[in-house]
Amino acid sequence: MPVVESSIVVDVPAAVAFAVAQTTGEVRLRWDPFISRQRFLDGATAPGKGVRTRTRHRSGLSMVSEYVSYRPPTTTGMKMVSGPWFFERLAAGWRFAQQADGTTLATWRYSFSCRPHWLAPFAEKIGIWMLGSDIQRRIAGFGRGCTDPVVLAAARASLPPEGTD
């Protein structure tokens with residue numbers, strides 16, 4: 001399966017970086033260029049393992065995804081449940097590693113496969129280029145979000161009191 005990955009070092013603790021990545025609504029739209037709309041499904045109001053979301057990409061494509069892992073403040077992962085016809089599989093994972101100097105190394109990874117199988121070798125090369133470009137824009141937006149006072153205030157407000165240092 002092809003994989004695209006991008007990393008950035010942000011000047012916030014891992015707990016805050018993780019919380020920025022989990023912001024929703026208008027706050028999320030301030031930094032995340034990938035989505036134009038996102039909402040929780042099945043009555044969920046917050047992310048967590050097993051929670052499903054519907055996400056509309058800025059191109060108009062949409063998918064339903066499910067959190068397969070959710071471990072604040074270090075990792076989260078999702079898989080596509082349904083989405084664009086050309087993806088056979090799509091998964092994403094985000095890791096947040098606290099650094100000794102108080103910064104956080106954030107690494108985002110997408111893995112995917114395309115269909116139909118006879119077209120997959122060509123389609124996956126295009127997918128690497130397109131998702132690679134998307135992940136670069138998205139992680140750059142995340143980096144800007146980690147400096148945006150509005151985004152940081154929302155992220156910090158979502159933390160338990162001991163996680164705000």
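1. A pocket, as the term is used here, is an open set of grid points where a 1.4 Å probe fits, with protein on both sides within 12 Å along at least five of seven lines. In this predicted model, the largest pocket holds about 550 Å³ of space. Its lining comprises 27 residues, and those closest to the centre are L61, F86, F87, M130 and L131.

2. As to the origin of that lining, strand 3 (52–57), strand 4 (62–71), strand 6 and helix 3 each contribute at least two residues. Helix 3 has the largest share, at 10 residues. By class, the lining of the largest pocket consists of 16 nonpolar, six polar and five charged residues.

3. Two or more lining residues come from each of helix 2, strand 2 (35–40), strand 3, strand 4, strand 5, strand 6 and helix 3. Strand 2 gives the most, with five residues. The lining of this second largest pocket divides into 15 nonpolar, 11 polar and five charged residues.

4. The largest nonpolar core has 37 residues, of which V20, F96, W108 and F142 touch the most other members. At least two core residues are supplied by each of strand 1 (3–10), helix 1 (14–21), helix 2 (25–31), strand 5 (75–82), strand 6 (87–98), strand 7 (104–114), helix 3 (120–145) and helix 4 (149–157). Helix 1 gives the most to this core, with seven residues.

5. The contacts of V20 deserve a separate entry. Leaving aside residues up to four places away in sequence, V20 touches W31, F142, G145, C146, V151, L152 and A155.

6. Aromatic pairs number 12 in the structure. The rings of Y67 and Y70 form an edge-to-face pair, because their planes stand at 90 degrees, with the centres 5.8 Å apart. Y67 is buried, at a relative accessible area of 15%, whereas Y70 is partly exposed, at 24%.

7. The rings of W94 and W108 are stacked, because their planes lie at 5 degrees, with the centres 3.9 Å apart. This pair links distant parts of the chain, W94 being in strand 6 and W108 in strand 7, 14 residues apart. W94 has a relative accessible area of 7% and is buried; W108 is also buried, at 0%.

8. Ring pairs join F18, W31, Y67, Y70, W94, F96, W108 and F142 into a cluster.

Methods: Residues numbered from 1 in each chain as written. Predicted model: local features only at pLDDT ≥ 70, side-chain atom pairs only at ≥ 80, totals over all residues. Heavy atoms only, no water. Core = buried A, V, L, I, M, F, W, Y, C linked by side-chain atoms within 4.5 Å. Buried < 20%, exposed > 50% of the residue type's maximum accessible area, 1.4 Å probe, protein only. Helix = DSSP H or I, 4+ residues; strand = E, 2+ residues; numbered from the N terminus. Contact = heavy atoms within 4.5 Å. Phe/Tyr/Trp six-rings, centres within 6.5 Å; stacked < 30°, edge-to-face > 60°. 1 Å grid on protein atoms, 1.4 Å probe; cavity = no way out; pocket = protein on both sides within 12 Å on 5 of 7 lines; lining within 4 Å. Points joined across faces, edges and corners; volume = space filled by probe spheres on them. Nonpolar A, V, L, I, M, F, W, Y, C, P; charged D, E, K, R; others polar.
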